[in-house]
Amino acid sequence: MPRYALKVEYQGEPFAGWQRQKDQPSVQGAIEQALSHIQPGAHTIAAAGRTDAGVHALGQVAHCDMVKEWDPFRLSEALNYHLKPQPVAIVNAARVTDDWHARFSAVERQYLFRILMRRAPATHDRGQVWQINHPLDVEAMQEGANMLLGHHDFTTFRSSICQAASPVKTLDELRVELVQGFSGPEVHFHVRARSFLHNQVRSFVGTLERVGAGAWAPEEVREALEAADRAACGPVCPPQGLYLARVGYLEPVFD
């Protein structure tokens with residue numbers, strides 16, 4: 001059965017997350033339903049990462065197995081037709097080898113988190129950002145973020161329901177950037193690693209927001225990390241500002 005990689009973009013707001021669920025809408029379920037229209041029968045697709053409810057994607061990657069050969073462009077077009085009007089799009093597709101796997105072949109994942117700083121309620125960006133009504137000190141947040149880089153036990157920044165075998169991970173990038181967004185000033189967090197613990201990025205952002213607001217000193221981020229205790233973590237931020245931005249592989253998958 002020929003295997004195809006799919007680059008997927010979606011808004012997370014209407015979904016209970018990526019993973020198929022019995023009684024709630026999911027991104028995986030939407031794509032599998034679209035596949036059943038072009039190839040009758042049950043479908044099970046795999047993704048590079050299982051995003052939570054309300055989390056978005058700019059570059060999620062999944063793979064599916066088909067009975068017949070498809071031109072990748074025609075496959076993406078057919079899926080997009082059957083995905084309407086849901087906020088999910090297949091932005092690229094590619095034929096891959098039978099042993100290629102969207103999750104296990106991945107060597108890097110990149111996330112983006114957006115904070116919008118303004119008092120007026122968000123309109124165009126509602127559900128796409130975490131909105132706060134106070135300014136943030138980006139330099140202080142970057143100082144705190146630098147203490148998280150490298151190979152560490154990230155127990156402090158790990159959800160209590162995380163199923164990862166170990167809390168030890170290597171964080172390759174945590175860059176904090178001030179940008180002028182469409183609706184006002186935003187702080188963007190660019191986070192990169194081979195893999196992540198459950199709620200790790202949202203735990204980072206919630207903690208660093210406290211640094212930016214002046215409630216924590218940057219050095220307290222190191223102390224929280226070294227505590228290896230979930231109770232030492234700052235508040236976990238809401239999901240709506242989080243995007244799975246990119247998944248990296250040893251060999252480029254999409255043109």
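Reader: Which residues have the most contacts inside the largest nonpolar core?

Author: Gladly, with a note first: this is a predicted model, where local features need pLDDT of at least 70, side-chain atom pairs count only at pLDDT 80 or more, and totals for chains, interfaces and linings use all residues. Residues are numbered from 1 along each chain as its sequence is written, and side-chain values use heavy atoms, leaving out hydrogens and water. A nonpolar core joins buried (under 20% relative accessible area; exposed is over 50%, partly exposed in between, 1.4 Å probe, protein chains only) Ala, Val, Leu, Ile, Met, Phe, Trp, Tyr and Cys residues through side-chain atoms within 4.5 Å. The largest one has 76 residues, and those with the most contacts inside it are Ile-31, Ile-115 and Phe-189.

Reader: How far apart in sequence are the parts tied together by Arg-202 and Asp-52?

Author: Their side chains meet in a salt bridge (Lys or Arg side-chain nitrogen within 4 Å of an Asp or Glu carboxyl oxygen), at 4.0 Å, N to O. Arg-202 lies in helix 4 and Asp-52 in the loop between strand 2 and strand 3, so the parts they tie together are apart in sequence by 150 residues.

Reader: Is Arg-246, the salt-bridge partner of Glu-108, buried or partly exposed?

Author: The Glu-108 and Arg-246 side chains meet at 3.1 Å, N to O. Glu-108 is buried at 18% relative accessibility. Arg-246, with a relative accessible area of 40%, is partly exposed.

Key: Helix = DSSP H or I, 4+ residues; strand = E, 2+ residues; numbered from the N terminus.
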